Amino acid sequence: MARVRPTSAETQHRGHAIIERVFAELIDGPLAHLPSGRFNANNVWLACITIAHNLTRAAAILAGRPHATARAATIRRQLINVAGRISRHAGEITIHLPQHWPWRHNRLRLFTTAHAPPT
């Protein structure tokens, strides 16, 4: 069976849906707190929002497939806001995560990938 190629309208619709999803995530989160009284403050806040959003998306992709398509609130809840403890012993960093935490492996994959030596 031959593979059907998407039409240009379908491709454009998918791209539009992705942009709408990003806007919805930002409006529900950091854009709701825009200072709005001063142009320069809004400009700086928007730059910080962009950096935080891009870092969150990159962390989700590094964590694994289940988080690569998750909403930003889910990523923050499952990967970033973690009740863990960092300890050092003999120059080695150890993260102590909750014992029966369902996203433990994804968080550890993110940590080891981010701290791996450059290739």
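Me: Why does Asp-28 count as exposed?
Reply: Asp-28 has 61% relative accessibility, so Asp-28 counts as exposed (buried is under 20% relative accessible area, exposed over 50%, partly exposed in between, with a 1.4 Å probe and protein chains only). This is a predicted model, where local features need pLDDT of at least 70 and side-chain atom pairs count only at pLDDT 80 or more, while totals for chains, interfaces and linings use all residues. Residues are numbered from 1 along each chain as its sequence is written, and side-chain values use heavy atoms, leaving out hydrogens and water.

Me: What makes Asp-28 and Arg-71 a salt bridge?
Reply: Their side chains meet at 3.5 Å, N to O; the rule asks for a side-chain nitrogen of Lys or Arg within 4 Å of a carboxyl oxygen of Asp or Glu. Asp-28 is in helix 1 and Arg-71 in the loop between helix 3 (65-68) and helix 4, 43 residues apart (helices are DSSP runs of H or I, at least four residues, and strands runs of E, at least two, numbered from the N terminus).

Me: Why is Arg-71 called partly exposed?
Reply: Arg-71 has 37% relative accessibility, so the label is partly exposed.

Me: How do you know that Glu-25 is buried?
Reply: The relative accessible area of Glu-25 is 7%, therefore Glu-25 is buried. Arg-57 is buried too.

Me: What links Arg-21, Glu-25 and Arg-57?
Reply: A network of salt bridges links them. Arg-21 and Glu-25 have their closest N and O atoms 3.5 Å apart, and for Arg-57 and Glu-25 the distance is 3.1 Å.
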